[in-house]
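Dear colleague,

Please find the structure below, handed over for your reference.

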Amino acid sequence: MMKRILLPGLVLFLAGAATAYAEQGRSGKEIFNKHCVHCHAPGYEYPGTLQLSVTRGKDKGVLEERDDLNADYIRYIVRNGLRAMPPFKPTNITNEELKALADYLVE
């Protein structure tokens, strides 16, 4: 009886651990594509790109094309949000993923 109870719990635990481990190894580009590209891809049909183009200038609209971004600023905005952009909690983007994302965008 005890084996029937413990085995499903162990399987779920190991599956969760494997997922968490796999997510830690994602590149900044992969994280951008999962969480950011929906608003920040090139083109004015993307609200983040449009907003940045209007408020900062056309040359500042596409995050992946900018060369003036600061990693600390990126981490702050991702965690706290800005205007229509929602904040991303560590349960959405881990600190390790956020570092990889910020490093990717400032390269």
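**Surface and overall make-up**

The accessible surface of the chain comes to about 7500 Å², and carbon and sulfur atoms account for 62% of that area. Please bear in mind that this is a predicted model. Of the 107 residues in the chain, 29% are buried.

As regards secondary structure, the chain contains six helices and zero strands.

**Cysteines**

With a disulfide taken as a pair of cysteine sulfur atoms within 2.5 Å, the count is zero. C36 takes part in no disulfide, and the cysteine sulfur nearest to its own is that of C39, 8.8 Å away. Likewise, C39 is in no disulfide, its nearest cysteine sulfur being that of C36, at 8.8 Å. Because the cut-off is 2.5 Å, a pair of cysteine sulfur atoms must lie within that distance to be counted.

Are these two cysteines buried or exposed, or in between? C36 has a relative accessibility of 12% and so counts as buried, the limit for that class being under 20%. C39, at 36% relative accessibility, counts as partly exposed, because this value lies between the limits of 20% and 50%.

Yours sincerely

Key. Residues are numbered from 1 along each chain as its sequence is written. This is a predicted model: local features need pLDDT of at least 70, side-chain atom pairs count only at pLDDT 80 or more; totals for chains, interfaces and linings use all residues. Side-chain values use heavy atoms; hydrogens and water are left out. Helices (H or I, at least four residues) and strands (E, at least two) are DSSP runs, numbered from the N terminus. Buried means under 20% relative accessible area, exposed over 50%, partly exposed in between (1.4 Å probe, protein chains only). Accessible areas come from the Shrake-Rupley method with a 1.4 Å probe; for residues, only the protein chains shown count as cover.
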